[in-house]
Structures are given as C-alpha cells and as structure tokens.
Amino acid sequence: MAEAKSPSGLSKVLNAAWVRPFLFLVVIVVAWDLSIRLFHIPAYQIPSPGDVVSVLISDWPELLRQSWPTTYATICGFLLSALFGIPVAMLIAGSKTVESYVYPLLVFSQSVPKIAIAPLFVVWFGFGIIPKVISAFLLGFFPVVVSAVQGFKSVDPDMVDLARAMQGSRFKVFCAVNLPHAMPAIFSGLKVSVTLAVVGAVVGEFVGSNSGIGYVMQRSIGTFDLPTMFAALVILALLGVILFWIVDRIERLVIPWHVSQRDDISFAS
Amino acid sequence: MNPATKPTHAEQPAAHLRLVSDRAGGATPGIKLSGVSKTYRSRDGDVPSLRPLDFTINDGEFFVVVGPSGCGKSTLLKMISGLLPPTTGEVLVDGEVVTRPHGNVGIVFQNALLLPWRNILSNAMLPIDMKRLARDKYLARAKALLKLVGLEGFEKKLPWQLSGGMQQRASICRALVHDPKIMLMDEPFGALDAMTRERMNVELMRIQRETGKTVLLITHSIPEAVFLADRVLVMTERPGAIAAIYDVPMPRPRSLETMSDPVFTELVQRIRKHFFTQGSLD
C-alpha cells in the first residue's frame, strides 16, 4: 500500500514540511552565487556564499563564543518583556482608567527609535550586559502587551457572566476563563517579541559592547571583512529561528486545544 | 392587576385564551419580581430598557418570555441571576432579595459557550469549580446528567469535536450540575437548525420533567414558546413591558403532534397578533 502511494523515497523526503524551507534556502543561495558570478559583483560589496561558509567553518569557535552573550541578552530581555508585558496587559484590559493613562504613553514610547536612545543606556549602565538586555526588553515588550490586551479583551462577556453567576470570585473567573482564553493571543505576541528581542540585543551591542554577535558585525564592517559580517548575520538568523521554534514548542504544550494546533478532523458532525 | 393586560380582556373567546396576570394559587412563587425596572446610563443620557415589571414564577414552572429584539429580555435574565442590579424594585428568589450572584441558577445562552480547553465533562463541572464545591461529590452527577442528555461516551471529547446541538446539550448539563432551583435560558436553541431545534425542544421538556426545575426561557419563536410553556409572557418593544401573560392549558407530556392541536394554533395566532399590531418580531 505505502509502496504504491509513494513512487520513490526521495520525493517523499522532498515533500516533507520541514524540508521545504531548506530547499527554498538552497535556491536562494544558488541564485546569490550565480548573480555574483554573472554580474561580476566584487567581493568587497557582496561576498560569495562559499566565502561566508568557509568563514563560518574556520571562525566557528570564535563565532560560537561571541553568540553566547547575544543569546543570553536576548533571552533575558525576552523573559523580562513577557514578565512585565502580560501583567501590564492585564491591567490595561481590566481597567478603563489604567488603559486611558497608560496605553497612549506606551504607543508614544514605541515611536521613539530605540537605536537612537541605546547609547543612553551605555551612559547609564556601562558596557556590560545590562544595556543589551534593556534594549532587547524594550523591543520585545510592546508586541506582548498589544497582543495580550487584545486577547484579554476578546473574552465573550457572556462567558464571564456565566462564571460570575456561579459565584466565582474575580480571581477564580480570571484563572478559569480570561487567562486561558488570552493564551493564544499572548503566544502570538511572544513569538513576535522573541525575534525582536534578538534585534534589540544586537542594537545594544552595536552602540557599546566588546562582546557578542553585534560587536563582531560592527568590527568586521569596520575592516571591510564582509564574509565575517555575513557569517554573523547567518548566526543571528539561526538564533532567531531557534528561539522562535522553542516558543512555538512551548505554545503547543500550553495550548494544545487551540484551533491552530489541531491537525485531526472532527468526527462527530 | 397589571394595567398592560387590561385592553385585551374584553375580547376573550375561550378559556384557554384567558389572560392571567398572576396565579394566586397554592403554589409557592420561586421567583418574584416587584416593580423591577432597568435604565442604562449612557453618554447620551438614560436609556430605559425595562419598564417596571411585576410577575411571579412558580416552583417547577416552565415560564417562557417572548418579545421583539432589544426589549430587555436578556436584562431580565441577568437581574434574576443577580449579575445586574435593577434600577428600581426588587427581585426575590425563594423569598430573598437578590443583590449579588446567588448561584441558585443555571444559565444557558444562545451559544453553548463551552471552554475550548476543557473536555465536555470538565466543562459541565465548571459551576462546581466556581462554587468551590467538592469535585468528587458532583462528578457522578455530572456524568449522570451527560447521560440524561445523550452525551454518554463524549465526556473526554473537546467541545470543537461535537456538533452545535451536542454542545448545547453539554451546556444544559453545566447549567444543572450544581442542582440549582432555576434554569435561565436565553434563546438556547436560536443558533441551531430547525430540525435539531425541534428535537431539543422535546428533550428540554423531558429534562425539565425529570429534574423538576423552574425554567425561565427566552425565545423569539412563538410556536416554541407555546409548545414548551406552562405560561407565556409576551413583552412589548423597548422599553420592555408586559403585554400579556397567557396560560397554556395543554396536558403534558407534549409531543410534536401537540403543535397541530387547535388550542396550540389558536394561542400562537393570538400571541402573534401582539407583534403585528405593534411592529414586527424579527
């Protein structure tokens, strides 16, 4: 049966969901290499994929060593944005007064370019990890708040009434109804937040740091070492993908009931 | 006597079409509303939702309210459950004035409103969790109720795996699990298709007979109202007031054939006239 359905093992592998992004990546890399050869783009403008890969291999220990501070700052900043973002969203969704005071200011603070104020954190907190964490936190915070507010607000008021009519205390109703209901929205915010936290950490490293992938990029662009710069970009992209994947896994564990996680179909019509 | 019921008194042809504003019999009033009105405050001023209402619902009675959209039917339900304080007057449940949620009600809304992360059994147990009652004591009751509504074997399923009708049955279980005296139903079958709806009507009557609950049901459908009710309260357009209260003197148990009974059709006709004279029932 299985033999008849799949003519060859190779086409089965090529059609697997996890292979597709890699295939697409291969296509992009090939196009990149071809265009460099075809248009004679000099290596100091765009390095060839081969050069980047060779730097990745030869400098791997150094790149790995430098990626730890970035990862660390990203995770700290991300956790902080979840830790503060969700309670702030609860307050905003729970009280019109808090919303009217806090929300406009929050939006206003988002329009301030973080890169412009990042040097300020260096002035305040020195060249350690703190400026990076703060900058990762500031970038990751907003999407968590916005999604979580939307999640908390989209609870059916009838559902809350129903639980309240059963004499459920505010806290009990919140835990049983509002919080689980907001979970999918919170997670979609967390996913955006984690990728932005990577950006935030790198921005922190740009302005004042002597370690991390951001620092490697800054240094290599200064010496026109483009293959190293691109290798650092690859590392950053990998970091973003891995962190995103981890949040996605946690989401599957926490909200297995949600529509986006269902893969089997309904059997009772 | 309620002044709103007076004009129709003169033209009463048969006994079963007689208006009853209040049944002062031996039965105890489970729910009593005296002068209950509701006015919502909004930026544009006060919006009256319900004009003062006076009526009682007896213990074990099947009481149905029909009325046009936005006549304050849902407000009425919220006030009886204690979720909303009336602007004037008092709601009494079992002789006690309702000031806050008293938990002696089970509520069924138009949407089943099951929590998607809880399985059917655990959804039915929600009131037990909210009221902090002993879970193990009520687990057997929840299972028995699920069996009563024909959901045996679906306890471990998640709500989305069930059809609309089955979900609504589960929500009826949830309304009954803590053994409340009163069941409040706000257009419970409005979202179901016509065939499922008829079947659910018959089942609801059976469930009410077997559990002996007092039921207050709100509906848009006049035939549904007459089919289910011991008494039907007809409401006017916003702000809602009592247009009339009708007795439904048809014996129980009723079946779908009851709907072709001349008493049934006459009563439906008569209630429909209320809405033709004052507007439409959408």
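**Figure 1. Leu113(B) in the loop between β6 and α2 of chain B.** In this predicted model, Leu113(B) belongs to the loop that links β6 (105-108) to α2 (120-124) of chain B; helices (H or I, at least four residues) and strands (E, at least two) are DSSP runs, numbered from the N terminus. The phi angle of Leu113(B) is near 50 degrees, a positive value in a residue other than glycine. Most residues other than glycine have a negative phi, and most peptide bonds are trans. Residues are numbered from 1 along each chain as its sequence is written, while chains are lettered from A and ligands numbered from 1 in the order in which they are written. As the model is predicted, local features need pLDDT of at least 70 and side-chain atom pairs count only at pLDDT 80 or more, whereas totals for chains, interfaces and linings use all residues.

**Figure 2. The cis peptide bond at Pro253(B).** The bond from Arg252(B) to Pro253(B) is cis, with omega near 0 degrees. Pro253(B) is placed in the loop between β10 (242-247) and α8 (262-278) of chain B.

**Figure 3. The open sheet of 6 strands in chain B.** The strand order is β6-β7-β8-β3-β9-β10, and the pairing is mixed; two strands pair if DSSP finds at least two bridges between them. At the edges stand β6 and β10 of chain B, each of which pairs on one side only. On average, and with direction ignored, neighbouring strands of this sheet are turned by 15 degrees against each other. Axes are lines fitted to C-alpha atoms, for helices over the stretch in contact, and angles run from 0 to 180 degrees between N-to-C directions. β6(B) and β7 (residues 182-186) of chain B run parallel and are joined by 4 bridges. Within this pair, Val108(B) stands opposite Met185(B) in β7(B). Helix α1(B) packs on the sheet and touches β3 (62-66), β6, β7, β8 (214-219) and β9 (231-235) of chain B, its direction making about 155 degrees with that of β7(B). Two residues are in contact if their C-beta atoms, placed from the backbone, lie within 7 Å.

**Figure 4. The open sheet of 4 strands in chain B.** Here the order is β2-β1-β4-β5 (chain B), with antiparallel pairing. The edge strands, β2 (45-58) and β5 (96-97) of chain B, each pair on one side only. β4 (residues 88-93) of chain B is joined to β5(B) in the antiparallel sense over 2 bridges, and Val93(B) stands opposite Glu96(B) in β5(B). Helix α1 (residues 73-81) of chain B packs on the sheet through β1 (29-42), β2 and β4 of chain B, and its direction makes about 120 degrees with that of β1(B).

**Figure 5. Packing of α5(A) against α10(A).** Helix α5 (residues 60-94) and helix α10 (residues 170-207) of chain A pack at an angle of about 135 degrees, and their axes are 8 Å apart. That angle makes α5(A) oblique to α10(A); angles under 35 degrees count as roughly parallel, over 145 as roughly antiparallel, 65 to 115 as roughly perpendicular and the rest as oblique. The crossing is right-handed, a term used if the near helix is turned clockwise from the far one by less than a right angle. Among the residues that meet are Gly77(A) and Phe78(A) in α5(A), and Ala197(A) and Gly204(A) in α10(A). The contact divides into 11 nonpolar, 7 polar and 1 charged residues; Ala, Val, Leu, Ile, Met, Phe, Trp, Tyr, Cys and Pro count as nonpolar, Asp, Glu, Lys and Arg as charged, and the others, Gly among them, as polar.

**Figure 6. Packing of α10(A) against α12(A).** The axes of α10(A) and helix α12 (residues 226-254) of chain A come within 10 Å and cross at roughly 160 degrees. The two helices, α10(A) and α12(A), are therefore roughly antiparallel to each other, and their crossing is right-handed. Contributors from α10(A) include Phe187(A) and Lys191(A), and those from α12(A) include Phe244(A) and Asp248(A). By class, this contact has 12 nonpolar, 2 polar and 3 charged residues.

**Figure 7. The contact between chain A and chain B.** The contact takes 20 residues from chain A and 24 residues from chain B. On the side of chain A, the elements giving two or more residues are α9 (157-165) and α10 of chain A. α9(A) gives the most, with 7 residues. That side of chain A has 11 nonpolar, 4 polar and 5 charged residues.
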